[in-house]
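Hi,

Here is the structure I promised to pass on. Have a look, and my notes follow below.

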Amino acid sequence: MTGKEFDSFFRKLYLPLGMYALRILDDAQSAEDIVEDTFMKAWQLIEEGKEIDDFKAYMYRMVHNGCISFLRNKKETVGLEFVPEADEEAVDTSERDARIWKAIDELPEKCREVFLLSKRDGLSNEEIAEKMNISVKTVKNQMTKAFARLRDSLSSGHKPFFLPFL
């Protein structure tokens, strides 16, 4: 594998692997650390000449193992049997979550802020309007704009995308 191919995999897999690790650990910083360490270990192996047949599957397995090791080191062995395997469903869910967060990140700043206050923080339109010092109508317009952009962004190149939180 060339450096360019590795970079391509890194760009494609970093966020989905992070979402997968976050689902296991429920700790964003630790999840990010494990994904970064996994990519570094993979690159070291590649530089040593190791051939990795299915890089994506290999990376999910390595992140899974890294998360299990992290939990064991924290002495949190209770519930390890409930850690999801890196199966097709977990990979699909992680990739979907990554696409959603990438699309949210690409919203215009005010639109993203209104959307996150509503959907992530659970604030009402009135609370958002008061917090941001804007009208309720502006909040509604920003939410409409966010929904439209997210639907467009998430359905392009894919079958129609259902956003369960919308």
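A residue counts as buried when its relative accessible area is under 20%. By that cut-off, 34% of the 166 residues of the chain are buried. Bear in mind that this is a predicted model.

The accessible surface comes to about 10,500 Å², and carbon and sulfur atoms make up 49% of that. If you take the contacts between residues at least 6 apart in sequence, 61% of them join residues at least 24 apart.

I also looked at T38, which sits in helix α2 (residues 28-47). T38 has a relative accessible area of 4%, so it is buried. A polar atom of its side chain lies 2.7 Å from the backbone oxygen of I34. Beyond its neighbours within four places in sequence, T38 touches M59, M62 and V63.

Then the charged pairs. The structure holds two salt bridges. One joins D7 and R11, with the closest N and O atoms 2.9 Å apart. These two residues are four apart in helix α1 (residues 3-25), so about one helical turn separates them. D7 is partly exposed at 34% relative accessibility, while R11 is exposed at 65%. The other salt bridge links K102 with E106, the closest N and O atoms being 3.1 Å apart. K102 is partly exposed at 49% relative accessibility, and E106 is likewise partly exposed at 49%.

Cheers

Technical notes: Residues are numbered from 1 along each chain as its sequence is written. This is a predicted model: local features need pLDDT of at least 70, side-chain atom pairs count only at pLDDT 80 or more; totals for chains, interfaces and linings use all residues. Side-chain values use heavy atoms; hydrogens and water are left out. Buried means under 20% relative accessible area, exposed over 50%, partly exposed in between (1.4 Å probe, protein chains only). A polar contact is a pair of N or O atoms within 3.5 Å; within protein, one must be able to donate a hydrogen and the other to accept it, and residues adjacent in sequence count only if both atoms are side-chain atoms. Contact means heavy atoms within 4.5 Å. Accessible areas come from the Shrake-Rupley method with a 1.4 Å probe; for residues, only the protein chains shown count as cover. A salt bridge is a side-chain nitrogen of Lys or Arg within 4 Å of a carboxyl oxygen of Asp or Glu.
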